[in-house]
Amino acid sequence: MARRIDVTGAGGVRLAAWEFGDPPKADLSEPGPDPTPGVLLLHGLMGRASHWASTARWLSERHRAVALDQRGHGQSEKPPQAAYTREAYVDDAEAALEQLGLAPTVLIGHAMGALTAWQLAARRPDLVRGLVVCDMRASALGSASQREWADWFKSWPVPFATLADVRKWFGEDDPWVERPNPARGAFYAEVMHESPDGWRPVFEPEQMLKSRETWVYDAHWEELAQVRCPALVVRGLDGELGRAEAQEMVRVLPRGEYAEVAEAGHLVHYDQPDAWRAAIEPFLDTAFAR
């Protein structure tokens with residue numbers, strides 16, 4: 001099962017948090033700490049909390065596993081005039097931890113969510129006992145990357161007639177796909193909703209570009225070095241984070257560790273869910289034992 005809990009983010013933006021598992025560990029609608037160890041899962045750009053469902057369900061066997069729909073994503077609010085800055089995303093995650101009584105928590109983040117996680121861990125070490133960074137680079141990506149993303153959004157053949165068309169385009173026909181990838185098709189089908197003329201994304205592409213431009217022009221090594229809790233950097237062998245950069249991130253992290261998942265790309269937890277679990281579970285056991 002999944003249970004929705006509303007929290008209030010920076011600037012009053014309403015955020016939807018989801019606890020996955022059967023049954024829930026505690027009544028998270030009531031503020032205050034709970035003795036069950038907490039995990040907050042943060043999806044990447046364009047993602048949503050439900051992308052973490054399989055991870056959250058096995059985590060819920062021993063932990064309070066909550067995934068957050070970040071502002072502009074999933075069922076959280078998408079105000080046109082809201083801030084889509086790094087500060088806003090980090091403030092939202094901090095507010096969620098405090099309102100849900102999850103701290104001190106382990107943060108698990110994918111891509112943009114991983115950046116949010118390590119920025120929050122650097123800012124509020126009292127709230128974070130461990131950190132998992134999944135396929136997110138610390139180096140600046142540059143203006144060319146932002147232009148490529150803008151062009152990519154324009155190439156989407158929206159509206160899609162069916163969800164099968166969504167899965168096929170993102171899994172096979174998208175020019176960014178090097179070889180057929182059903183997991184990628186399933187990932188993007190999860191972020192579509194049915195509208196009167198077909199299937200469209202639940203987010204606004206312009207808000208995604210606005211969110212992305214607040215990190216692509218800068219490097220984030222300094223904040224990575226400020227993370228004091230144990231941290232695990234995970235990459236898919238075919239992902240966007242290269243081995244050399246991942247290992248440098250581990251070196252920069254004061255208590256960094258490294259793991260990689262074979263036959264996985266950027267969407268590590270979707271491409272190889274069992275190998276993803278095998279990569280992070282020993283780290284989590286150690287982090288919670290401290």
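**Close-up 1. His 269 sits in helix α10, residues 268–271.** The model is predicted: local features need pLDDT of at least 70, side-chain atom pairs count only at pLDDT 80 or more, and totals for chains, interfaces and linings use all residues. Residues are numbered from 1 along each chain as its sequence is written, and side-chain values use heavy atoms, with hydrogens and water left out. Helices (H or I, at least four residues) are DSSP runs numbered from the N terminus. His 269 has a relative accessible area of 4% and is therefore buried (under 20%; exposed is over 50%, partly exposed in between, with a 1.4 Å probe and protein chains only). What does His 269 touch, not counting residues up to four places away in sequence? His 51, Trp 52, Thr 55, His 110 and Trp 276. Contact means heavy atoms within 4.5 Å.

**Close-up 2. The chain is assigned two parts, domain 1 and domain 2.** Domain 1 covers 1–17 + 36–138 + 216–287, and domain 2 covers 141–199. These bounds come from an automatic or database domain assignment. Over C-alpha atoms, the domain centres lie 23 Å apart. Domain 1 gives 13 residues to the contact, and domain 2 gives 17.

**Close-up 3. The largest nonpolar core holds 67 residues.** Such a core is a set of buried Ala, Val, Leu, Ile, Met, Phe, Trp, Tyr and Cys residues joined through side-chain atoms within 4.5 Å. Those with the most contacts inside it are Met 46, Trp 118, Leu 131, Trp 152, Phe 153, Trp 156 and Phe 170. Helix α3 (residues 112–123) supplies the largest share of this core, eight residues. Domain 1 and domain 2 each contribute at least three residues. A second, separate core has 30 residues, including Val 39, Ala 56, Val 261 and Phe 283.

**Close-up 4. Phe 170 belongs to helix α5.** Its relative accessible area is 0%, so Phe 170 is buried. Beyond four places in sequence, Phe 170 touches Trp 152, Trp 156, Phe 160, Val 177, Arg 184, Gly 185, Tyr 188 and Met 192. Phe 187 is 17 residues away in sequence and 8.7 Å away in space, C-alpha to C-alpha.

**Close-up 5. Leu 163 is in helix α5, residues 163–173.** Is Leu 163 buried or partly exposed? It counts as partly exposed, at 23% relative accessibility. Leaving aside neighbours within four places in sequence, Leu 163 contacts Ala 189, Met 192 and Trp 199.

**Close-up 6. Helix α4 packs with helix α7.** Helix α4 spans residues 143–155 and helix α7 spans residues 205–212. Their angle is about 170 degrees, and their axes are 11 Å apart. Axes are lines fitted to C-alpha atoms over the stretch in contact, with angles from 0 to 180 degrees between N-to-C directions. The two helices are therefore roughly antiparallel (over 145 degrees; under 35 is roughly parallel, 65 to 115 roughly perpendicular, the rest oblique). From α4, Ser 145, Gln 146, Trp 149, Ala 150 and Phe 153 meet Pro 205, Met 208, Leu 209 and Arg 212 of α7. Phe 153 also touches Met 46 and Phe 203.

**Close-up 7. Helix α2, residues 86–100, packs with α3.** The angle is about 70 degrees, and the axes are 9 Å apart. That makes α2 roughly perpendicular to α3. Among the α2 residues in this contact are Tyr 89, Val 90 and Leu 97. The α3 side includes Met 112, Leu 115 and Leu 120.
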